[in-house]
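Hello,

Here is the structure I promised to pass on. Please have a look at it, and then read on for what I found.

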Amino acid sequence: MKNKNRRDFLKTVGTVGATGIAAAVGGDTSVAGQSPAGSPAGRVLLDPAGGPVSHAYTFLTAPEAAFIEAAVDRFIPADDLTPGGTDCGVAVFIDRQLAGAWGSGDRTYMQGPWQKGVPTQGYQSPLTPAEFFRAGIAATNAYCRKTLQKDFDRLTVEQQNKVLQDMEQGRVTFEGTVPAQEFFNLLLGTAMQGFFADPIYGGNRDKAAWKMIGFPGVIAIYSEHIKTYRNKKYDVEPKSILDLS
Amino acid sequence: MTTRLREVDVVIVGLGWTGGILAKELSEAGMRVVALERGGMRGTNPDFAIPQIRDELKYAVRNHLMQNPARDTLTFRHSPTEPSLPMRQLGSFLPGEGLGGAGVHWNGVTWRWTGIDHAARSYYEQRYGKSFIPSDMPIQDWPMTYAELEPYYDKFERTAGVSGKAGNIRGTKQTGGNFFEQPRDRDYPLPALEPSYSQILFNDATAQMGYHPFPRPCANASRAYTNPDGSRLGACVYCGHCERFGCEANAKGSPHITVIPKAMAQPSFELRTHSWVTKVMLDSTKKKAIGVAYTDVSTGEEYEQPAAIVALCAYAINNVHLMLLSGIGTPYDATTQKGIVGKNYCYQPGGGGVTLFFEDRIFNPFMATGAFGIAIDDFHANDQFDRAAMSALGGATINVGQSNGRPIGYRPVPAGTPRWGAAWKKATAKWYLRAMNIGVTASNMPNRYNAYDLDPTYKNVFGQPLLRLTYNFLENDKKVIGYVAQKAAEIARSLKPASMTGPGMLGDYNIVPYQSTHNTGGAIMGSSPGNSALNKYLQSWDVPNVFVLGASAFPHNSAYNPTGPVGALAYWTADAIKTKFRNRPGLMT
């Protein structure tokens with residue numbers, strides 16, 4: 001199983017829902033967390049409570065989860081700075097956000113009539129963010145199948161990067177209701193939220209993103225440090241809400 | 001079924017800074033005051049307690065302390081010829097909701113506006129001639145001078161615990177303060193905060209170039225402080241979670257820890273939360289308000305609250321919305337330029353700032369406060385600054401703050417860096433601690449087409465028309481930003497960064513990215529019913545027992561943040577109600 005990706009593994013096991021499978025996989029992050037296209041093998045991560053990392057999904061279907069894991073691993077590739085996006089919990093973060101209030105359109109004016117508008121008028125889709133994501137994933141995969149004969153998560157890393165760059169630059173047009181560039185921006189923005197938010201939301205595991213940049217987290221009493229750390233690095237182990245709760 | 005309640009002296013719509021000040025002042029004077037707040041009750045403990053309050057995703061990204069646009073929002077377009085569409089999610093600005101309003105989640109920058117701001121039309125006509133003012137720019141003087149308002153600015157600074165350094169005390173220039181400020185009666189109640197490393201660099205560079213740097217006044221308490229009302233503020237700990245958050249240390253001057261508790265201690269004051277005012281009720285003459293209609297949004301019950309005085313103290317945008325929904329004054333029509341209510345909407349153009357990257361300097365951007373900063377006013381408050389060279393009215397401050405290093409929102413990388421992938425990661429890891437910003441904050445002059453009216457299509461949850469905003473940045477704004485941004489870039493270059501990004505050009509207004517919660521105008525004050533909705537006491541010319549407080553009264557927007565005069569004018573209006581209107585109700589002169 002080491003060389004198979006998430007989707008192959010799920011196929012091997014059968015057609016059980018993603019949540020059940022991931023729960024059954026449990027801590028085997030060498031399977032569940034592995035990038036599909038040959039990036040460094042998933043490492044065994046421990047969540048802050050000391051247990052193995054879970055890749056259980058509540059909103060995303062198995063093919064959708066495979067898409068998101070591949071995308072966040074391209075956005076945040078594993079290197080000497082941090083593990084890849086999936087191993088940092090970014091896919092889990094996105095899943096929980098889509099399953100939760102934000103994904104359902106909380107704090108969003110959802111009444112019609114609906115018109116496209118111009119970009120400076122902001123989000124005008126009749127879809128909730130969760131529905132928008134679902135349609136965006138389907139549209140990206142349809143585009144990939146049409147042009148490269150495979151779903152996004154089955155492409156090589158180079159092909160995945162190219163597809164994402166084309167979406168980012170507005171060089172591709174999707175069939176259906178979701179504009180490629182708009183979906184890209186929402187996908188990237190949500191992934192970055194997951195990478196940098198407090199680990200209570202499932203991303204930024206082990207505060208990897210905060211350690212990468214030197215953000216010390218939520219303790220933040222700098223009455224004296226504002227003077228003593230002028231032009232001087234403040235090196236501390238970051239503290240999260242999760243650590244203090 | 002609507003329940004009609006017993007009449008009170010004053011009903012206040014919205015309990016933030018202006019409502020809180022009015023509630024305290026009028027209830028202490030023995031008037032029976034009811035405040036209706038559409039949001040919930042909240043306080044420092046437990047609502048702003050650590051560690052939960054330090055949640056960037058919840059508060060700074062998902063906007064949990066703000067107005068919920070699912071219930072009520074506005075529609076937006078650039079010009080009257082375009083379709084207006086709803087602002088479906090908050091972005092460009094963040095109106096508050098809940099006890100304390102936006103006064104809970106503001107940053108705390110607390111200016112006194114300039115002498116030029118108080119006399120906007122007169123200044124330009126006298127110095128540059130009438131033809132210098134474009135015919136589609138309806139600027140006008142404030143109906144009171146800076147000198148008249150000075151004691152009220154002082155009172156607000158004392159209440160909010162403002163840290164700063166005076167530049168001019170009764171005509172005598174003070175070293176270290178703002179060289180261009182108008183005379184003050186006395187210094188700020190608290191000394192300036194400790195500057196960040198970036199602010200020290202900016203201070204020294206601008207002084208070297210002959211400019212006049214000074215610490216920006218801010219309601220982040222530099223030390224523990226007890227205000228004249230006995231409200232106690234803690235000392236700021238530079239935590240970097242100010243804007244969009246409540247302060248767990250009570251170090252940010254906020255109404256929920258100052259004026260509101262004082263009002264609540266008065267037996268003649270009553271607060272009702274979750275109470276959404278849908279309309280000001282007028283009598284058959286339409287010249288007198290008889291109270292307000294509201295819905296308890298926790299039960300759905302509808303009420304009428306009769307009152308002798310109605311004070312609109314909601315967010316600046318919502319005040320104008322309520323006036324238009326209630327038929328107070330004549331709605332403005334940009335095509336004919338007739339009517340008043342809705343005109344002179346202004347905002348705050350940005351985009352002229354620069355980000356500097358240094359290989360060998362460490363800025364620790366997370367050691368931050370909402371409002372501390374070093375500014376120069378040489379291109380704004382300075383009345384000798386030659387606007388003809390810029391061929392535009394107004395100006396801009398250049399400043400270095402350091403309001404947060406929260407990583408979802410703040411991740412500077414040099415120009416040309418990809419937005420994701422290995423190169424992006426490397427650059428983000430390298431530059432997060434090694435970048436600083438120089439900001440340019442510009443004034444905004446009114447234009448005949450930048451205005452509010454009611455949207456013909458979209459409705460809020462009460463079935464009422466949404467407010468419609470027609471707005472864009474215009475030629476004057478682009479000239480101001482273009483001119484002052486070059487000065488900011490010169491300052492930046494003098495610091496010899498490894499690289500820098502910006503300044504950008506000011507393009508079309510975009511309602512998506514956050515810029516500032518400095519929405520002004522729409523219910524403007526002036527010298528006559530012909531040029532304004534409100535007189536000098538923020539009293540409606542048309543319905544004199546309605547007062548409309550807040551930045552909706554400003555005929556233009558300064559390069560300064562609005563809260564200083566918002567607070568000062570609330571005290572000014574409270575005084576006028578207590579000493580004049582109460583004894584002789586009617587239009588005050």
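A residue counts as buried if 20 or more other C-beta atoms lie within 10 Å of its own, as exposed if 12 or fewer do, and as partly exposed in between, with C-beta atoms placed from the backbone. The model is predicted, so local features need pLDDT of at least 70 and side-chain atom pairs count only at pLDDT 80 or more, while totals for chains, interfaces and linings use all residues. Residues are numbered from 1 along each chain as its sequence is written, and chains are lettered from A and ligands numbered from 1 in the order in which they are written.

With that in hand, Trp111(B) is buried, because it has 26 C-beta neighbours inside 10 Å. Trp111(B) sits in the loop between α4 (102-105) and α5 (115-118) of chain B; helices (H or I, at least four residues) and strands (E, at least two) are DSSP runs, numbered from the N terminus. Its C-alpha atom is 7.5 Å from that of Pro562(B), 451 residues away along the chain.

Chain B also has an open sheet of 6 strands, ordered β8-β16-β17-β18-β15-β21 with antiparallel pairing (strands pair if DSSP finds at least two bridges between them). β8 (214-215) and β21 (499-501) of chain B are at the edges with a single partner strand each, so one side of each lacks a neighbour in the sheet. Strand β15 (residues 354-357) of chain B joins β21(B) through 3 bridges, antiparallel, and Thr355(B) is opposite Thr501(B).

Finally, 51 residues of chain A are in contact (C-beta atoms, placed from the backbone, within 7 Å) with 57 residues of chain B.

Best wishes

Definitions and conventions: Contact = placed C-beta atoms within 7 Å.
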